[in-house]
Amino acid sequence: MTIQANIAESDKTSDETTPAAVPAAGTGTGYGILETARRQVLEDGIGLTQAQLEEVLRLPDEALPATLQLAHEVRLKHCGEDVEVEGIISIKTGGCPEDCHFCSQSGLFDSPVRGVWLDIPELVKAAKETAATGATEFCIVAAVRGPDIKLMNQIKFAIDRINEAVDINIACSLGMLTQRQVNQLAEWGVHRYNHNLETARSYFPEVVTTHSYEERLDTCNMVKAAGMELCCGALIGMGETLEQRAELAAQLAALEPHEVPLNFLNPRPGTPLENQGIMDGKDALRAIAAFRLAMPRTVLRYAGGRELTLGDLGTREGLLGGINAVIVGNYLTTLGRPATADLNLLVELNMPIKELQKTL
Amino acid sequence: MNRVSLPNRSTTGVSSSAATAQFCGHCGEPSDGGADPTSDVHRRCGERLAMEPPRYCADCRRRMKVQVTPLGWSAECSRHGVLAP
């Protein structure tokens, strides 16, 4: 499946660059912020501030190749050349009581997504298939405000069955947690917990009204304090301003998550954002570079919506512009690129898949 | 795509091609009966169905139970069975 990007053909940046052939960017480019970023981020390992990120996001299209190259150099220096591969799966789909305006799984919208539970044998089968791709992470997701006892029991059962069957790190994304639930998940060996900020604090009330930004932060902080790796991501292209995009990157950087999944809005039927236009591909690439320059050491993962926003060529450019992790295959309710397409691209780019390291 | 019979359930036993589908799998509205060229109404739906599973049964318009996994998907209509890629 060849996927077209939301980038005009004549506007595409070069796809000839390989990691080994990346020339120094930010030197003599004529763009002061790139000169600054080269010293501050690449050399000293200090992420850009919110004001500096705004400058990056406002750079003209002509500066995009140099911006992506610099972000790529930062990734190579501070993260290495490995790419972390992950599969995600929904154990409980639809019927969520929250009103996240981008989400087709909210029970409050007239979405065609029906509520359904995945049984454990299917979950284990998917974990095995995911591991066979070379993935080291398998994230179990539920569309809930937070887990109840029934869901927690199912998660415990699922973790045990997966661990019996396959060697892969297990992550979870189950909404907002209590301290007791955080402790339980850590005790059960959950390696990483996902809970996204989604958008900037200043834009959050436009996107979610059934819970607050602070409630999200509370769960994130509890997860970190319990010793689990925090996966805390972003969804851009929801109508936020460039300033708010920079604000989000800075707020994520302040949280110091182990991983940041970067999603691009895929407008879903029936949701309040169904008529939001698809984000411009060059803006998306600038955002990738900016997030890398905000967080030089974080795992920055391609997540949902990249197929629509960036297409095949944009996927490649992002991997050469700061991204160092991918979700392989499908998402929770939509389909991704074929797993082989991403895995073949990594081989072509001489980017090895990160090997399994059990951290808990 | 293959339609698989569900045990103890009535099923057409055959896949609904674009020409025979009564309803669009993406939006659930009546299909254009395989019109060539595809009608404007469902051109976008066709593009979408390359990137997401169908949500509506092409035979009866019921919303289907859809399971997406990293490497596959299935969609189940309570009356017409399971659809898979």
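Which residue stands opposite B:Val66 in β3(B)? The residue is B:Ala75.

## The model and its confidence

This is a predicted model. Chain A has a mean pLDDT of 92. In that chain, 91% of the residues reach 70 or more.

One stretch of chain A falls below that level. Over residues 8–23, pLDDT stays under 50. The model has 26 contacts beyond four places in sequence for these residues. Where pLDDT is low, the predicted coordinates should not be read in detail.

## Chain B and its hairpin

Chain B has 85 residues, and 35% of them count as buried. Its secondary structure consists of one helix and four strands. Along the sequence, the pattern reads β-α-β-β-β. Take the contacts in chain B with a separation of 6 or more: 38% of them come from residues 24 or more positions apart.

Now look at strand β2 (residues 65–69) of chain B. β2(B) pairs with strand β3 (residues 72–77) of chain B in the antiparallel sense, over five bridges. The two strands form a hairpin, with two residues between them. B:Val66 and B:Ala75 stand opposite each other in this pairing. Four of the five residues of β2(B) are buried, so this strand is largely enclosed by the rest of the structure.

## Where the chains meet

How many residues of chain B are in contact with chain A? There are 17, and they touch 22 residues of chain A. β2(B) gives the most to the chain B side, with five residues. That side divides into 10 nonpolar, three polar and four charged residues.

Six of its six residues are buried, so β8(A) is largely enclosed by the rest of the structure. Both of its faces are covered. On one side, A:Glu259, A:Pro261 and A:Asn263 are buried.

β8(A) has a parallel partner in strand β7 (residues 234–236) of chain A, and three bridges link the pair. Here A:Leu235 stands opposite A:Asn263. Together with helix α9 (residues 242–255) of chain A, the two strands make a right-handed β-α-β unit.

β8(A) also runs parallel to strand β9 (residues 299–302) of chain A, joined by four bridges. A:Leu262 has A:Tyr302 as its bridge partner in β9(A). The chain goes from β8(A) through α10(A) to β9(A), and this β-α-β crossover is right-handed.

Leaving aside residues up to four places away in sequence, A:Ala290 touches A:Leu53, A:Val56, A:Leu57, A:Ala246 and A:Ala249.

## An exposed residue

Is A:Ile149 buried or exposed? A:Ile149 has 8 C-beta neighbours inside 10 Å, so it counts as exposed; the cut-off for exposed is 12 or fewer. This residue belongs to helix α5 (residues 149–165) of chain A. A:Gln181 lies 32 residues apart from A:Ile149 along the chain, and their C-alpha atoms are separated by 9.5 Å.

How values were computed: Residues are numbered from 1 along each chain as its sequence is written. Chains are lettered from A and ligands numbered from 1 in the order in which they are written. This is a predicted model: local features need pLDDT of at least 70, side-chain atom pairs count only at pLDDT 80 or more; totals for chains, interfaces and linings use all residues. pLDDT is the predictor's confidence in each residue, from 0 to 100. Two residues are in contact if their C-beta atoms, placed from the backbone, lie within 7 Å. Ala, Val, Leu, Ile, Met, Phe, Trp, Tyr, Cys and Pro count as nonpolar, Asp, Glu, Lys and Arg as charged, and the others, Gly among them, as polar. A residue is buried if 20 or more other C-beta atoms lie within 10 Å of its own, exposed if 12 or fewer, and partly exposed in between; C-beta atoms are placed from the backbone. Two strands pair if DSSP finds at least two bridges between them. A crossover is right-handed if, with the strands pointing away from the viewer, the path from the first strand over the helix to the second runs clockwise.
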